[in-house]
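Open the model in your viewer and keep the selection panel at hand. The stops below go from the overall fold to single residues.

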Amino acid sequence: MKRSAWMGLAAAAALATTAAPAVADVAMAKKYNCTACHAVDKKLVGPSYADVAKKYQGDKDAVAKLEQKVKKGGSGVWGPVPMPPNPNVPDADVKALVEWILAGAK
Ligand code: HEC
């Protein structure tokens, strides 16, 4: 009994290190150059991620909407300055970044 529980834990730990799901953080935002225009807590070229999280609080369509926006770019929500499209970012990472931003970018 004790032994099999330990084996289960070991297997879970191995899974966590080999098949980690895409989890976004500042390093990922940096990697894709998002941080050239966005900071977490102040406006740069684009809105701060804290402001984005506040704006879409409680909006259940926000993830899908913002995934498209990050992929295809666009303007008019925060001002006249457009965000360029980001076609080089894999879909799973776009989703992870948007979820990270909406969760407050911490
Ligand atoms: C060249 C500058 C630039 C880069 C690079 C950039 N953004 Fe933006 N971003 C903007 C601007 C400007 C806006 C505001 C667009 C608007 O008003 O509709 C924006 C808006 C956003 C929004 C809010 C969209 C909305 O409709 O409310 C999100 C989320 C976002 N960016 C995420 C990202 C992510 C993730 C990356 C990296 C993959 C990224 N941005 C890279 C300039 C940039």
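**Overall fold**

Colour by secondary structure and follow the chain: the pattern along the sequence is α-α-α-α-α. This is a predicted model. Its secondary structure amounts to 5 helices and 0 strands. Of the 106 residues of the protein, 14% count as buried. If you draw the contacts with a separation of 6 or more, 58% of them join residues 24 or more positions apart.

**Stop 1: the ligand shell**

The shell holds 27 residues, and the closest are Cys 34, Cys 37, Gly 46, Trp 78 and Met 83. Colour the shell by residue class: 18 are nonpolar, 8 are polar and 1 is charged. Helix H4 (62–72) and helix H5 (91–102) each give at least two residues to the shell.

**Stop 2: Gly 46**

From the shell, pick Gly 46, which sits in the loop between H2 and H3. Apart from neighbours within four places in sequence, its contacts are Cys 37, His 38, Trp 78 and Met 83. Three of these names were already on the screen: Cys 37, Trp 78 and Met 83 are listed among the closest residues to the ligand. Draw a distance from the C-alpha atom of Gly 46 to that of Cys 34; the two residues are 12 apart along the chain and the separation is 9.4 Å.

**Stop 3: helix H5**

Select 91–102, which is helix H5. H5 has 12 residues and spans 17 Å from first C-alpha to last, close to the 16 Å expected at 1.5 Å a residue. Show side chains for the buried residues of H5, namely Val 94, Leu 97, Val 98, Trp 100 and Ile 101. They lie on the same side of H5, because they cover an arc of only 160° around the axis. Look down the axis and check the other face: the exposed residues Asp 91 and Ala 92 are on the face turned away from the buried side.

What do the buried residues of H5 pack against? Their partners are helix H2 (26–31), helix H3 (49–55) and H4. To see one case, select Leu 97 and its contacts. Leaving out residues up to four places away in sequence, Leu 97 touches Ala 24, Met 28, Ala 29, Cys 34 and Val 70. Of these, Cys 34 is also one of the closest residues to the ligand.

**Stop 4: the nonpolar core**

Next, display the largest nonpolar core, which has 13 residues; Val 70, Leu 97, Val 98, Trp 100 and Ile 101 have the most contacts inside it. H3, H4 and H5 each supply at least two residues of this core. H5 gives the largest share, 5 residues.

**Stop 5**

Move to Tyr 49 in helix H3. Tyr 49 counts as buried because it has 25 C-beta neighbours inside 10 Å. Setting aside neighbours within four places in sequence, Tyr 49 is in contact with His 38, Val 40, Ile 101 and Ala 105. The C-alpha atom of Tyr 49 is 7.7 Å from that of Leu 102, although the two are 53 residues apart along the chain.

Then select Val 26, in helix H2. Val 26 counts as partly exposed, since there are 15 C-beta neighbours inside 10 Å. Its C-alpha atom and that of Val 40, 14 residues apart along the chain, are 8.8 Å from each other.

**Stop 6: backbone angles**

Most residues other than glycine have a negative phi. Asn 33 is partly exposed, with 13 other C-beta atoms within 10 Å.

Go on to the segment after H5, where Ala 105 is found. Phi of Ala 105 is positive too, near 55°, in a residue other than glycine. Ala 105 is buried, with 20 other C-beta atoms within 10 Å. Select Gly 104 as well: this residue follows H5 and has a positive phi near 100°.

Definitions and conventions
Residues are numbered from 1 along each chain as its sequence is written. This is a predicted model: local features need pLDDT of at least 70, side-chain atom pairs count only at pLDDT 80 or more; totals for chains, interfaces and linings use all residues. A residue is near a molecule or strand if its C-beta atom, placed from the backbone, lies within 6 Å of it. Helices (H or I, at least four residues) and strands (E, at least two) are DSSP runs, numbered from the N terminus. Ala, Val, Leu, Ile, Met, Phe, Trp, Tyr, Cys and Pro count as nonpolar, Asp, Glu, Lys and Arg as charged, and the others, Gly among them, as polar. The expected span of a helix is 1.5 Å times one less than its number of residues. A residue is buried if 20 or more other C-beta atoms lie within 10 Å of its own, exposed if 12 or fewer, and partly exposed in between; C-beta atoms are placed from the backbone. The arc is that of the directions from the helix axis to the C-beta atoms. Two residues are in contact if their C-beta atoms, placed from the backbone, lie within 7 Å. A nonpolar core is a set of buried Ala, Val, Leu, Ile, Met, Phe, Trp, Tyr and Cys residues joined through C-beta atoms within 7 Å.
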